[in-house]
Amino acid sequence: MTLPRDQILGRLKSALDRENRPPEAARARLRDRPAGLIPERGQGAPADRLALFAAEAERVEATVARIPGPAALPREVARYLAETNQPPALRAAQSLADVDWSSQPMLKVTGGTADGADNCSISRAFGGVAETGTLVFLSGPDNPTTLNFVPPTHIAVIRAADIAGDYEAVWARLRAEAGGGAYMPRTVNWVTGPSRTADIEQTLLLGAHGPQRLHIVILDDDATP
Amino acid sequence: MTQPSVGLFVTCLVDLMRPATGFAAAELIEAAGFRVEVPAAQTCCGQPAYNSGNTEDTRAIAKQVIAAFEGFDYVVVPSGSCGGTLRKHYPELFAADAAWQARAESLADKTFELTQFLQEHAKSNEKLLAWEVAATYHDSCSGLRELGIKGQPRELLSKVDGLSLIEGQEAETCCGFGGLFCVKYGDISEEIVSAKVADIDKTGADLVLGGDLGCLMNIAGRLKRLGRPTEVRHVAEVLAGMRDAPAIGEPDG
Amino acid sequence: MDSTTRQFKDNARGALDDAQLQNALDKLGRGFPLKRLEAAARLPEFERLRDQAREIKNHVLDNLDFYLEAFEAKVEAAGGQVHWCADADAARRTIGEICKAAGAKTVTKSKSMIGEEIAINDYLENEGIEPIETDLGEYIIQLRREPPSHIIAPAIHLSMGQVEETFRESHADLDPDRALDEPRKLLEEARTRLRDRFLGADVGLTGANMLIAETGSNVLVTNEGNADLTYSLPRVHIVIASLEKIVPTLEDASTILRVLARSATGQEMSVYTTFCTGVRRPGDLDGPEEYHVVLLDNGRSKLLGTESHEMLRCIRCGACLNHCPVYRSVGGHAYGWVYSGPMGAVLIPGLIGMDEAAHLPNASTLCGRCEQVCPMRIPLPRMLRAWRHKLYESRRTGALGRWALEGWAWLARRPRLYRLIMGLGVAGLGMLGRRRGRFRRLPLAGGWTGGRDLPAPEGDTFIQQWHKGARGDASGERLRRRGR
């Protein structure tokens, strides 16, 4: 008995005349990974890129704050939670472990994964894409995926320098940082605005299953927190 | 100097249902400086058979059309869908027959939908005639999407004094005619043409124009059933100033 | 799922008489197409990106075997497993076995059209495993035990009142006097209800918008975030995908993503686009411990090189449904099976058979709007015609229609006889109809005159008139008539 795998592949290979047509073009494509057409929109100077990123994110109902650097993060978080009438508690990713929250003693900060009871999480984006105001998160021990989705409010922290013009630039950086090793984490999440649905009479509602609020905090300074 | 010749493929619907459109087309082509001939060997382009999957009969009909029209300098069709059949689909029919394919392609190359032909050959910017009316234009699907007809009729109409064109939001949406579709799936066709009529109503136009008699009969049929006074005409009739022919679905005199 | 495609005409009649459905369809017709247009206008490169997306998929189809093998190797390297399934039955059994091996009692699901195609929910229920749809629209129609009516907006046919009714019935443990009179309240109730189900599920079952050969990843696109809770919380993640979903690289996926949401909902990008690769990594605090890709053929490998070949480029965006005058008149359920609209009319005959689906390729005006908006530029009208040809050749076209068509074609090939018979016909009709200018009723024309008058012919045919007078005279007379 032939295995379904061999049966399916056999059918494909004979339909494609594989014996006489080696897949050279495909081999080359996987090796060279040519980029397609990249829209002009995101290709401005860094300052324009940053402005475009913020504008596009706000267009899809995210809120955006720019602060000078990581030292100002606790104050911004406390301000945001107070302004939106939320309890001063958050589940923070390990990737933000270096932040000194002591300037905001009212803020209760815990680590770990989201457990369904949390109101707010804070995690760190690996990159941003100005083209569509998209955040890119990588899963890992210091940035659990569930933090991006389970609590109703999500605060995303991103360095200004990590905001690229297009998706391709973020993929290139991901590969480069892996230094030739395996580069895909278990999960890469592109997030473009807060969760939404229009499944009931095409009425747009925010906060379907993922966060109802997405607050993006851009760190202007290059120093890591 | 002898005038270049145009074989007028009048289409079966115009031939049988509305000769006025054919006369208007002939007059416009003549006015543009061409000699019009109407081969008596024409019946239909074969589209109903083609769209029903009956390729064999379509091929036979196509051969007849090719033979009757290949001697002219140009072939002009007052219909986007029949024009599309000659231009786009005839060559596809003969993929396995090189000799006929070459003939089909050579016919396709010199075949034009009426407004396309006039826009290219009747180069005059003066106002042709006067027709005081608020009109809207229905872009029939094959003309629009197979032949790219959109600006041509509008530019020609802009030379008609007193005619104002109000665009419907859904001008590019199908009217639901679809050839045999309108009788095979009459219920659905009726729903689609009702939406088309609602869009026409919104424009407030008194006259609906288009380049395909099938669509126009469908739209007129629905308008008349609803008791609307809105008139429907083929664009050629307005361009030729043919006021004496009653609008589609209207009684004589 | 059992099909009711044979009853397409009756289904359509019912849909046309359903005022509530017509309301929903009107809204759809005004919404999505306009938003798509706006999104396209905001991106000057949109048309060129469509060309590139088409080229990527064409290249994939030329190398489908190569990319699938490369994908499988990458999945295995990331600790996952690929299960090749020839048909729906094999896929169902494979999923059932994985669930049983995991000791699963509940399976959360994010929307998957392949899941619908193989009717996985019915199968799991029969096996004693509870499938829970988590996309809000899918959740609603699962409670109502209905199939989706749109490939990206499954509950588009329902009104808020119907959803309220369903929730009151299905959530019978809640206070019967609670207010559910606005969409927000319905969403809150579903969200709360599903929260515990997410946290308690043993297996998460998702579809895939794409599979990536370079990395062994599956791509998931949602707006709600339900897919992300589906794969990240349970211990086992199963992906069901058909084999044409493969793309070569992350770059290629990015290009296709640039046209997907814009074509579908008119968004620049959907809210959540996720790339899942294998199992949770050492040190990860969350993510699944098992990763299975159930790769479904279900007849697709046989389409390579046939008239339906280009259909394998489809990325299931729904643009062809949103722009189709027939879909917009009757909605998705009339089509009688999982898919609908132009893409459904092309796919369904191949999946459930021409006898069952004979209506679908015919129930189209061939207006070409679908091809115009398809991000992958699939020539849907040409493919519908190809099915019509097959139906005709295999004598599945109705006998009366065939007879009429062939009789007419016979006549059309004999111009003199045609002229004689048609001339008499229109002269008669012209005489009968000229006084009113139209007919309200005509024998054998019921399809037309049900809702439309039939404009009457003028009387003499154009060709008779043209050839009666000398050409020059005729034109002179016309000019005189005009001056009159």
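Two residues are in contact if their C-beta atoms, placed from the backbone, lie within 7 Å. By that criterion chain A and chain B do not touch, and their nearest C-alpha atoms are 20 Å apart.

This is a predicted model, in which local features need pLDDT of at least 70, side-chain atom pairs count only at pLDDT 80 or more, and totals for chains, interfaces and linings use all residues. Residues are numbered from 1 along each chain as its sequence is written, while chains are lettered from A and ligands numbered from 1 in the order in which they are written.

**Contacts between chains**

Of the two pairs of chains in contact, chains A and C share the most contacts. In that pair, 79 residues of chain C are in contact with 59 residues of chain A. The largest share of the chain C side, eight residues, comes from α10(C). Helices (H or I, at least four residues) and strands (E, at least two) are DSSP runs, numbered from the N terminus. By class, the side of chain C that touches chain A has 35 nonpolar, 25 polar and 19 charged residues. Here Ala, Val, Leu, Ile, Met, Phe, Trp, Tyr, Cys and Pro count as nonpolar, Asp, Glu, Lys and Arg as charged, and the others, Gly among them, as polar.

Chain C also meets chain B, with 58 residues of chain C in contact with 64 residues of chain B.

| Helix pair | Axes come within | Crossing angle |
|---|---|---|
| α11 (186–203) of chain B and α1 (8–17) of chain C | 9 Å | roughly 35° |
| α9 (160–170) of chain C and α10 (183–200) of chain C | 10 Å | roughly 35° |

α11(B) passes α1(C) in a left-handed crossing, and α9(C) passes α10(C) in a left-handed crossing as well. A crossing is left-handed if the near helix is turned anticlockwise from the far one by less than a right angle, and right-handed if clockwise.

Between the chains, B:Asp187, B:Ile188 and B:Glu191 in α11(B) meet C:Ala12, C:Arg13 and C:Leu16 in α1(C). The residues of this contact divide into three nonpolar, no polar and three charged. Within chain C, the residues C:Met160, C:Val163, C:Glu164 and C:Phe167 of α9(C) meet C:Pro183, C:Leu186 and C:Glu189 of α10(C). That contact has five nonpolar, no polar and two charged residues.

**Chain B**

Chain B holds 13 helices and eight strands. Its radius of gyration (taken over C-alpha atoms) is 18 Å, close to the 18 Å that the globule rule (2.2 Å times the number of residues to the power 0.38) gives for 253 residues, so chain B is as compact as a globular protein of that length. The C-alpha trace of chain B spans about 50 × 50 × 30 Å along its principal axes. Of the 253 residues in chain B, 60% are buried. A residue is buried if 20 or more other C-beta atoms lie within 10 Å of its own, with C-beta atoms placed from the backbone. Among contacts in chain B between residues at least 6 apart in sequence, 77% join residues at least 24 apart.

The domain assignment of chain B gives domain 1 (5–119) and domain 2 (126–239); such bounds come from an automatic or database domain assignment. The C-alpha centres of these two domains lie 22 Å apart. Across their boundary, 28 residues of domain 1 of chain B are in contact with 22 residues of domain 2 of chain B. On the domain 1 side, α5(B) gives the most, with six residues. That side divides into eleven nonpolar, 13 polar and four charged residues.

**Chains C and A**

Chain C is divided into domain 1 (45–251 + 276–303) and domain 2 (415–483). The centres of these domains of chain C, taken over C-alpha atoms, are separated by 59 Å.

Chain A has five helices and twelve strands. The C-alpha trace of chain A spans about 70 × 45 × 40 Å along its principal axes. Buried residues make up 46% of the 225 residues in chain A. Among contacts in chain A between residues at least 6 apart in sequence, 74% join residues at least 24 apart.

Note on methods
Buried ≥ 20, exposed ≤ 12 C-beta atoms within 10 Å, placed from the backbone. Axes fitted to C-alpha atoms, helices over the stretch in contact; angles between N-to-C directions.
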